Amino acid sequence: MDGNGRWAQLRSLPRTAGHRAAETTVIDIIEAARAAGVEWLSLYAFSTENWNRPGTEVDYLMRLVRRVVRKHAPLLLARGIRCRFLGAADPRIPRELAQDFDDLATLTADNQGMTLTVAFDHGGRRDIVQAAKSLIRNGTPADEVTERLFADHLPFPDTPDVDLVIRTSGEQRISNFMLWQVAYAEWVFPDVLWPDFRAPDFLACLHTYRRRDRRFGGVPPQTNGDTS
Amino acid sequence: MTTGTTGTADQAPLFRTQPQFRAFFDDPRWALAIIRATVLEAAHPQVGAALAENSTFVAHPWRRLRNTFLSMRRMFDPDPAVREREAARLNRLHARMSGSDSRGRAYDAMDRAARAWVVATLFESAVTMCRLSGQPLDQDTMERMYAEYRTFLAALDGDAGELPLDLNDFWRYFDRVVEDELEDTEAARVILFRLFDHLPAPALLDGAPTLWAAGRALVGPLLGAITVASLPEPYRRKAGLPETPGAPTLMQGAYLAAGLTRFLPEGWIDAESVIETLSLPPDSDDPRARTVSALRARVKRASALLRLVTPLSGDTGPDPAPTATAATEGGRRSAEEFFHQVLDQTGDGHLDWPDLAATARELATRLDLDEPEETRLYDAFAAWWRELQAALDTDGDGRVSADEYAAAVPSLAGPALIRVAEVLFDATDKDGSGTINADEYRALFRTAFHRDLTTTDGTYGRSAFVGDFLSFMSGRRRNTAYDPLLTDA
């Protein structure tokens, strides 16, 4: 979800206006992904590094996210989308927002349609450190640690490997996103800014992905799509 | 509130001899009639004072309801030995309740006139319940019923001399008491205007405070209005209760609607299973627990949705509940929280002997103690109370406030508390084996051994038991076994 700030700058609007415009895209992409048969969709909403942004912008983002979550909760429930929040552990997250995250996750926990993982206050390295801690706490002997076992200790261990990462606004970095899961992901970098990104752009990315020759370096293919 | 226990218990013999009245047990009208009877009881100065001082019904209404129901079932038991034992237990329990009310007038839960009045309100409420729902009882049934209530009073008091022999005289007696003796007591006001507005959620719905609060905000005032409208006119006038327009219609409608459930198939409404289900603690191993946990998951989702769709009131509506959670991280709770959840059983904001007596009463009820174990338990709690009072009552008013408690928490685990733990262990260890086995454990906590217990070969030793009790009572550590026992509403 890159390019909100630039989108606003181009229009001589405050950065916050870009974030507000992003809401429409989020809902549009969720719908498009569901319609296209994507079963796992992850959105990178806020990274552990985003806390370094100006305090007012962070505050605004928190309020905006809260409003979006509450506004669209019934829709997500009705659409059969299972929602969950990856990360979201920082005490700086307002209590009310954390409660809403919990509520939305509880509310949609039994949904069978698409799984929507919102990476909020997420950092790929932190997840890996968490998994390592968890392994050590369980007293797992070093010889027994395998990739599969390690993956079981990551947050949301049911998340499959990521197939496709879409990074908007032409940025070409990983930025600490689900580091473990993107090992064999295909990457697409559309130039369009996130607030302008729409269902047709999303479908174009899927189309590009289908034409890629995925070799997995010898690893057996995994099903499912996961985009950001 | 034990007076209520007695009271509710006494319709039992009626149903025993009159099988057709068995239906009354599960009759939803009883719910309304019992509330009405309890208000009339509480309006009696003696009963009201006993209620206000001793009852746990404000802080733990659901536990109280369950105990009342179980007591009622015992009084209804076909075996006379069970009935006599329960009557003796109730008498012992009441004998421990005496004191003086806020105006310094003495009360005594063994007072014969007061006990007769409790039975009278129940009989009168049963009759009124039938009248209000449009199915009045005929004279013969009423007389038979009256005789049954007198028999019950006799079972408790030795004879029923305080209630007139004849039904016609009873109505004169009833009207006279309403006119002359009833007062606008604190306890009656609490039941009418506070209890339902602040009713804590039963164990079953504990995970859904939002849903509970929303339902309560609607039903609480309604129940209050319905009960007020069903009270006798002279009392309403004397207590200055409001005459809300439409309330009589609402009240009659409620009774009528509740009465209509008689057309439901038999067994649809079963008071016992309703009460038992409501009291199920979250991690109970009861066979019904699976259904209940499925239900609880639904309730949780419903309340999550409710919270999410509730419009935001400003951007930062601070809500007090999470603060409490924050304070309890790591399994400890704040002194204030512990004071209100565990110690202040009567919910009056002070720790006083009736609070500890209520704890002893609850433990004795659970363990089904006879003499002399019951007295030993009460004595141990009394000694603990003296220790607490000496250590904590800094302003010398005879009771301990939440502030006084918070100021002196570390000095709590004195010898008297250890003595309480030991007496409780002995009382729980019924076979005197020196360890608590699974059955004995279940009697006290209503659940099987918990996994994290330090149980070797399926038993629970004295030192582990005493240690757990002390860490719950003085360390304020949350404990899966004691929390449902003493903190559940």
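This is a predicted model: local features need pLDDT of at least 70, side-chain atom pairs count only at pLDDT 80 or more; totals for chains, interfaces and linings use all residues.
Buried means under 20% relative accessible area, exposed means over 50%, and partly exposed is anything in between, with a 1.4 Å probe and protein chains only. Residues are numbered from 1 along each chain as its sequence is written, chains are lettered from A and ligands numbered from 1 in the order in which they are written, and side-chain values use heavy atoms, leaving out hydrogens and water.

**Salt bridges**

- Over all chains, the structure holds 30 salt bridges (a side-chain nitrogen of Lys or Arg within 4 Å of a carboxyl oxygen of Asp or Glu).
- One of them joins A:Glu23 and A:Lys71, at 2.9 Å from N to O. The two sit 48 residues apart, A:Glu23 in helix H2 (residues 15–35) and A:Lys71 in helix H3 (residues 55–78) of chain A; helices here are DSSP runs of H or I with at least four residues, strands are E runs of at least two, and both are numbered from the N terminus.
- A:Glu23 is buried at a relative accessible area of 13%, whereas A:Lys71 is exposed at 55%.
- In chain B, the side chains of B:Asp159 and B:Arg112 meet at 3.0 Å, N to O. B:Asp159 is in the loop between H9 and helix H10 (167–180) and B:Arg112 is in helix H8, so this pair ties together parts 47 residues apart in sequence. B:Asp159 is partly exposed, with a relative accessible area of 36%.
- B:Asp184 and B:Arg189 also form a salt bridge, 2.9 Å from N to O. Both count as partly exposed, B:Asp184 at 36% relative accessibility and B:Arg189 at 31%.
- A salt-bridge network links A:Asp163, A:Glu186, A:Arg212 and A:Arg214.

**Strands in chain A**

- Strand S2 (residues 82–87) is mostly covered, with five of its six residues buried.
- S2(A) pairs with strand S3 (residues 115–122) in the parallel sense over six bridges; pairing takes at least two DSSP bridges between the strands.
- Within that pairing, A:Arg84 has A:Thr117 in S3(A) as its bridge partner.

**A charged patch in chain B**

- B:Asp138, B:Asp140, B:Glu143 and B:Asp166 make up a negative surface patch (residues with over 30% relative accessible area and no salt bridge, like charges joined within 9 Å).
- B:Asp138 sits in the loop between helix H8 (112–132) and helix H9 (139–157) of chain B, and is partly exposed at 45% relative accessibility.

Notes: Patches are made of residues with over 30% relative accessible area and no salt bridge: like charges are joined within 9 Å, nonpolar side chains (Val, Leu, Ile, Met, Phe, Trp, Tyr) within 5 Å. Accessible areas come from the Shrake-Rupley method with a 1.4 Å probe; for residues, only the protein chains shown count as cover. Lys and Arg count as positive and Asp and Glu as negative; His and the chain ends are not counted. The place of a charge is taken as NZ of Lys, CZ of Arg, CG of Asp or CD of Glu.
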